[in-house]
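Here are a few notes to read alongside the structure.

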Amino acid sequence: MDDKEIVRRTLTQSRHHYRLIIEKYGDFLYGLGMRLTRGDKYLAEDISQEAFLRSYKYLHNFDSSQNFKKWLVGIFYNSFKDAIRKNRHDEALDENMVSQTTIEPSYASFFDLIKYLTDDEKIVFTLKYIYEYSNSEISEITNIKERQLKEVIKNGKGKISEQL
Amino acid sequence: MNSFEQIIENEKNTRYAMDDKSNFANLTLARMLAQKPSVLETYFKFALLYLLLAVALISAMPYFNNQLAHLETMLLLIPQFSPQSLFYVMITVLLLNSCLGGFMLKHKILST
């Protein structure tokens, strides 16, 4: 069953059909969350859950001519930004959480690479280089204009080059 | 130090999976099913509904006045109220009703 059919059934038959979407994209969003939070698995899971809840809430706004996965990533992007904003209220707690829940240092290279990037740079960089989204797709997901996006990429790459 | 391309390539090949995907799906679904309509949304829906009703009533006022006047004379139950004041009483009752409806929806006594 494809995504659009699941969405249709969720809206017209039963909300329980949405479980298929959660199972299908759970690990995908979690992986994106792990990368953006630099290995904080609890935070990655929370953001993924929030993204699913929001996507369900706004499911009736989903345009079936669009790609569902891309739409979901857009919602995840907003959930990520909100979660990070909320977490910054308590930097000390955040530091503790990261030290307690980050995964093994074997993955540290990429996490080090994006360490000094801003939230926007992190997500743009990750979507572009890890998930290979085009600039126009990233612009659609993040609502950052393409011209501005090039600046974000340039700044991000600049910061990364300094570290290598 | 690894090169940029190497790090990206390694990261692309890294697969992340939740510890317990089934539990995650259950919890998410449970939270999803427990979602209540927001208070603002609920009150807005009711306010809109009653606004429409009020507009309909105002449009029907000439007929409404006549009917009430007949009732007044026929039944003598409400001689002290003019049709206008009765109309305002009705609107007040409807607004109170909308608040009650909103409250019931918020607390899931009613469902949308």
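**Notes on the two chains**

1. Let's start where the chains meet: the contact takes 24 residues from chain A and 21 residues from chain B (two residues are in contact if their C-beta atoms, placed from the backbone, lie within 7 Å). On the chain B side, α1 (4-12) and α2 each supply at least two residues, and α2(B) gives the largest share, eight residues. (Helices are DSSP runs of H or I, at least four residues, numbered from the N terminus.)

2. Before going on, some housekeeping. This is a predicted model, where local features need pLDDT of at least 70 and side-chain atom pairs count only at pLDDT 80 or more, while totals for chains, interfaces and linings use all residues. Residues are numbered from 1 along each chain as its sequence is written, with chains lettered from A in the order in which they are written.

3. Now look at α2(A), residues 18-36.

4. The largest nonpolar core has 42 residues, and Ala51(A), Leu72(A) and Phe76(A) have the most contacts inside it. (Such a core is a set of buried Ala, Val, Leu, Ile, Met, Phe, Trp, Tyr and Cys residues joined through C-beta atoms within 7 Å; buried means 20 or more other C-beta atoms within 10 Å of a residue's own.) The largest share of this core, nine residues, comes from α2(A).

5. Which residues does Phe76(A) touch, leaving aside its neighbours within four places in sequence? They are Leu29(A), Leu32(A), Ile47(A) and Ala51(A).

Conventions. A residue is buried if 20 or more other C-beta atoms lie within 10 Å of its own, exposed if 12 or fewer, and partly exposed in between; C-beta atoms are placed from the backbone.
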